[in-house]
Amino acid sequence: MTAVAIAALLSGCAALEEEKINYKSAAKATGSLDVPPDLTQLRKDSRYALESNSATASGFAGAAKKVTDAGTAANTMGDVRMERSGAQRWLVVSRPADKVWEPLREFWTANGFNLSMDSPDVGIMETDWAENRAKIPQDLIRRTIGRVLDSLYSTGERDKFRTRVERNAQGGVDIHVAHRGMVESFTSNDKTSTTWQPRASDPELEIEFLRRLMVKLGASPEQAKVATAGTASVVPALAVAVIDGRPSLKLSDDLERAWRKTGVALDRTGFTVEDRDRTKGVYFVRYVPPGTSAEEPGFFAKLFSSKTAGPELTRYRVNLEAQDGATLVRVQSSDGKPDNSENAQKILKLLAAELR
């Protein structure tokens, strides 16, 4: 091998070390890869629209326009910083919502994703499932014929990201990024069949995309690197407890911080957030309990089909209530009544695993 060839190989390896993320939206595949029923995404139901004079997501776009028309300091472009609270990080941008939405679209598509949800009215943008091609081993064969037959290689993992945008009291917005993952596993000893199963959310991926988003929104790469430095603290998950005769989660946080943490937990577990009322501490969500349908569609059919086949989702309210400096998280029925059902307890257990 010539010196030129060796140098080329070494430079290729160095580039791969620097580039740990290289996403490509998954294409529709043939065959049936089954996935257990999960928390499925459906479009917003208009009957959950609330009064526009409260801090609801349905008033999100209108309120953002009012801020723009006011000509306040919130219109200053490129004013972005990162905030941290415990294990959570998010961006605070001193701009109205309508000034960040298009850059968000451009950001995710430029990073190799298609969008499966793009809803300014509820302040949620979600990518389709995609594969991080940078995880594929770069051996000699892969570096030669693998470039021609790229589709033959797969990591056996898929990721999607949800971006949630909320107005803050300063006239700008808070931006949260939440990760969900799936992994392909064998279901037989002879390794002839597989299924896709959820895997734990990856906080490091969330931080990396927040760093990149900071740069997209105007921060320098050096500023973004400093802002994301350090490791987030790990806090044990909560346990569901019965308080005043109702299944509850008790957070040792004030209502503002608990609201933010619960929103991220809902995003990570894949709940469909149809609307939210921050002034009343209520998230309006939809949920499908696992195992409710024997004819759940295959993984790729479910992920990439526009059809809404599958079990009907049930609406709930996730209610946050301040209590003696702490916050109680409880589940209500769609009409706002206390819900002590088995499904309500399952919802709280799902949230407890992510509320840190």
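The buried residues of helix H9 are covered by elements that include E11, helix H7 (255-269), strand E13 (282-287), E14 and E15. This is a predicted model, and the strands named here belong to an open sheet of six with antiparallel pairing.

**Helices**

- Helix H9 covers residues 342-354, and its 13 residues reach 19 Å from first C-alpha to last, close to the 18 Å expected at 1.5 Å a residue.
- On H9, the buried residues are Asn343, Ala344, Ile347, Leu348, Leu351, Ala352 and Glu354.
- In an α-helix, residues three or four places apart point the same way, because there are 3.6 residues a turn.
- H7 lies across E11, E12, E13, E14 and E15, and runs at about 155° to E14.

**The sheet**

- The strand order is E10-E11-E15-E14-E13-E12.
- E10 and strand E12 (272-277) stand at the edges with a single partner strand each, so one side of each has no neighbour in the sheet.
- On average, neighbouring strands of this sheet are turned by 35° against each other, direction ignored.
- Five bridges join E12 and E13 in the antiparallel sense, and aspartate 275 stands opposite phenylalanine 284 in E13.

**Two loop aspartates with positive phi**

- Most residues other than glycine have a negative phi.
- Aspartate 244 has a positive phi near 55°; it lies in the loop between strand E10 (241-243) and strand E11 (246-251).
- Aspartate 244 counts as exposed because its relative accessibility is 66%, over the 50% cut-off.
- Aspartate 324 has a positive phi of about 55° and sits in the loop between strand E14 (314-323) and strand E15 (326-333).
- With a relative accessible area of 81%, aspartate 324 is exposed too.

Key:
Residues numbered from 1 in each chain as written. Predicted model: local features only at pLDDT ≥ 70, side-chain atom pairs only at ≥ 80, totals over all residues. Heavy atoms only, no water. Helix = DSSP H or I, 4+ residues; strand = E, 2+ residues; numbered from the N terminus. Buried < 20%, exposed > 50% of the residue type's maximum accessible area, 1.4 Å probe, protein only. Expected span 1.5 Å × (residues − 1). Contact = heavy atoms within 4.5 Å. Pairing = 2+ DSSP bridges. Axes fitted to C-alpha atoms, helices over the stretch in contact; angles between N-to-C directions.
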